Amino acid sequence: MTSLGIGLIGTGFMGKCHALAWHAVKGTFGDVPTPRLEILCDLDAEQAKLRADQFGFGRATANWRDVINDPKVDIVSITAPNSDHREMALAALAAGKHVWCEKPMALTLADAEAMAAAAAKAKGRTLLGYNYAQNPAIGHAKRLIEGGEIGRVLHFRGTVDEDYMADGDLPWSWRCRLETAGLGVLGDIMCHLVSIALHLVGPIESVSADIDTAYKRRPVPNEPGKTGEVENEDIAQAVVRFKSGFTGVLAASRVAWGRKNHLAWEVHGSRGNLICDQERMNELQLFTAEGAEGTRGFRTILTGPLHQPYDRFCPAPGHGLGFNDLKVMEAAHFLRVITAQGEPGGETPLIDFARGLYIERVIHGIAESATSGKWVRFVLLFFFCFWSAMAYHPLFFFFCSPKIRGWSAFADHDSKVQWT
Ligand SMILES: NC(=O)c1ccc[n+]([C@@H]2O[C@H](COP(=O)([O-])OP(=O)(O)OC[C@H]3O[C@@H](n4cnc5c(N)ncnc54)[C@H](O)[C@@H]3O)[C@@H](O)[C@H]2O)c1
């Protein structure tokens, strides 16, 4: 497998990010197949052509099915809005393509379930765009936790705040409607926080939550005096219990003035504490209860070549990586997953459609708990446990596809599986 054909759907914020990643991944990593930038799609043919020239794709189209049906395309990058994810992903998987789809997985839980079911049967591999989990600072934190540096995990506390809808006069848009956006802050950014919690400390078993819509109506553009209802949440918070037994708190807001990408978390341990914030993505704060009381304090670890794959980007520590670099890491990861072809011992996807469905269950569970006023438990965990147990049975590999084995890897994550 020396090269793989790439088709890109959508050329906005994430479309450009995927295109840049596909450009950079071979030069940065070296030991991955070469991406061939075959065809790109956006709604407007003229815009698509311009973007194809800019991003270095050979051809352009205004019909996304041209990308899916193109025999030279092996991997489809889906960066169109959430409402299109299900239809595009199902079509791509049916055509035998590998799918790299942006988060959130889909508009509704039912859509996400359909996508996970299709992926379990498909030839192609899947990956979701949970790029923050690729941060070398987070990989290092995971190793420190697993190595016992902060002792037994006692608590996880995470926040994800941005201010992209903090202005109450911001016009009513597709983001405010269930039909076009689905969940509000839960689907937009809480899902990232859940992906990091899962990656670092394992699955969440139950949630009790509340949500709020700070601005219930917003002005309709070009219609003076008219307002539209905001149908989804601006703010969400949840008390959670992890499968391993400890508790956590997750909070998210899209109306937090001054916060730009405050995707921040703390893991409290019996002998120390770890803190990280995506706004300072090259830093990890570590406190260990060692030394004389008066000299103790958090120390800042600047990421560097020892925190792989930082070394693939830069030989000098503390010089800093950026947001787009996380996508390059994600592209390399997906290429390695595809190359491994599900062989035992090969690289398994960090968050494929099976694991992505779990994240969807958590964010929809938060919305459900807020509505019902009751705790929501994730019964799927029992399903994970079943697969986990089965994975140790020698006959398991004879009747289980590599994609379904991904479920077991997730269930067993606490003890064995490195997601990166
Ligand atoms: N991983 C991350 O950190 C991250 C960050 C931002 C957005 N996202 C996700 O990426 C996706 C896209 O968000 P964005 O911010 O790039 O949006 P965007 O509006 O900037 O870009 C979307 C693009 O898709 C195109 N498009 C829409 N419908 C299409 C169709 N039917 N066929 C082809 N092209 C179509 C639009 O014209 C536009 O160019 C969303 O699912 C979003 O949640 C992920």
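The largest share of the shell around the ligand comes from α1, with three residues. Helices here are DSSP runs of H or I, at least four residues, strands are runs of E, at least two, and both are numbered from the N terminus. Keep in mind that this is a predicted model: local features need pLDDT of at least 70, side-chain atom pairs count only at pLDDT 80 or more, and totals for chains, interfaces and linings use all residues. Residues are numbered from 1 along each chain as its sequence is written.

Stay with the ligand. There are 20 residues around it, and Gly 10, Gly 12, Phe 13, Met 14 and Glu 102 come nearest. Near means that the C-beta atom, placed from the backbone, lies within 6 Å. By type, the shell divides into eight nonpolar, eight polar and four charged residues. Nonpolar is Ala, Val, Leu, Ile, Met, Phe, Trp, Tyr, Cys and Pro; charged is Asp, Glu, Lys and Arg; the others, Gly among them, are polar.

Now the domains. The assignment, which is automatic or from a database, gives domain 1 as 3-132 and domain 2 as 133-321 + 347-381. Their C-alpha centres lie 25 Å apart. The contact takes 23 residues from domain 1 and 26 residues from domain 2. Contact means C-beta atoms, placed from the backbone, within 7 Å.

Which elements supply the domain 1 side? At least two residues each come from α1 (13-29), α4 (82-94), α5 (109-121) and β6 (126-128). α5 gives the most, seven residues. That side has 14 nonpolar, six polar and three charged residues.

Technical notes. Contact = placed C-beta atoms within 7 Å.
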